[in-house]
Amino acid sequence: MLKGKLSTYKQYAWTAFANYIKARDRYKCITCGIVAKGWDMNAGHWLPGRWNSILFEESCVHAQCVACNNSLGGNHPAYGRFMLGKYGQKEMDRLEKLWRKTVVYTKQDYKNIQLKYEEKLYETKRPVNIKKRPKARCSVVRITLVIRRT
């Protein structure tokens with residue numbers, strides 16, 4: 001039996017999921033294209049409201065900057081164009097149907113979601129065939145100032 005509040009487990013699961021989504025999208029806002037990390041980047045839902053049925057649906061959540069997600073209310077015109085281009089109308093219709101369903105999670109469900117996305121985040125961030133950058137060459141130029149008195 002897991003101890004603690006259900007809301008705490010939900011928050012841990014959401015944090016793991018959101019961190020994975022932002023890393024998956026390489027911290028690039030899908031609606032305006034800005035690249036940012038930390039508090040400047042959110043995991044934004046295409047469909048408004050954080051309903052359990054779509055809360056952890058990967059195709060419905062993408063990296064969005066704070067300006068697009070919060071100030072512009074999700075920037076739905078640009079988000080809709082992105083969704084149509086990436087997933088097509090069939091997936092968008094599936095998500096809209098899913099959005100209307102009721103889903104109830106338990107503490108164990110949230111714990112499993114948290115562990116799943118922590119693992120996926122680890123896999124996303126693991127370096128694969130990274131080439132080392134050549135070291136920057138810096139030339140030091142010494143200038144001597146000669147003052148002549150006449």
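User: What does contact mean in this predicted model?

Analyst: Contact means heavy atoms within 4.5 Å. In this predicted model, the buried residues of H1 pack against strand S1 (41–45), helix H2 (52–55), strand S2 (61–65) and helix H6 (107–125).

User: Which residues of H1 are called buried, and what makes them so?

Analyst: Buried means under 20% relative accessible area.

User: How do you know that the span of helix H1 agrees with what its number of residues should give?

Analyst: Helix H1 (residues 6–24) has 19 residues, which at 1.5 Å a residue should span 27 Å. The end C-alpha atoms of H1 are 27 Å apart, so the two values agree.

User: Why are H1 and H6 called roughly parallel?

Analyst: Angles under 35 degrees count as roughly parallel. H1 and H6 pack at an angle of about 20°, their axes being 8 Å apart; the two helices are therefore roughly parallel to each other. Their crossing is left-handed. Among the residues of H1 that meet H6 are Tyr9, Ala13, Phe17 and Tyr20.

User: What makes a set of residues a nonpolar core, and which members of the largest one touch the most others?

Analyst: Such a core joins buried residues of kinds including Ala, Val, Phe, Trp and Cys through side-chain atoms within 4.5 Å. The largest has 29 residues, of which Trp14, Phe17, Trp46, Phe56, Cys60 and Val61 touch the most other members. H1 supplies the largest share of this core, nine residues. Apart from it lies another core of six residues, including Cys29 and Cys68.

Key: Residues are numbered from 1 along each chain as its sequence is written. This is a predicted model: local features need pLDDT of at least 70, side-chain atom pairs count only at pLDDT 80 or more; totals for chains, interfaces and linings use all residues. Side-chain values use heavy atoms; hydrogens and water are left out. Helices (H or I, at least four residues) and strands (E, at least two) are DSSP runs, numbered from the N terminus. The expected span of a helix is 1.5 Å times one less than its number of residues. Buried means under 20% relative accessible area, exposed over 50%, partly exposed in between (1.4 Å probe, protein chains only). Axes are lines fitted to C-alpha atoms, for helices over the stretch in contact, and angles run from 0 to 180 degrees between N-to-C directions. Angles under 35 degrees count as roughly parallel, over 145 as roughly antiparallel, 65 to 115 as roughly perpendicular and the rest as oblique. A crossing is left-handed if the near helix is turned anticlockwise from the far one by less than a right angle, and right-handed if clockwise.
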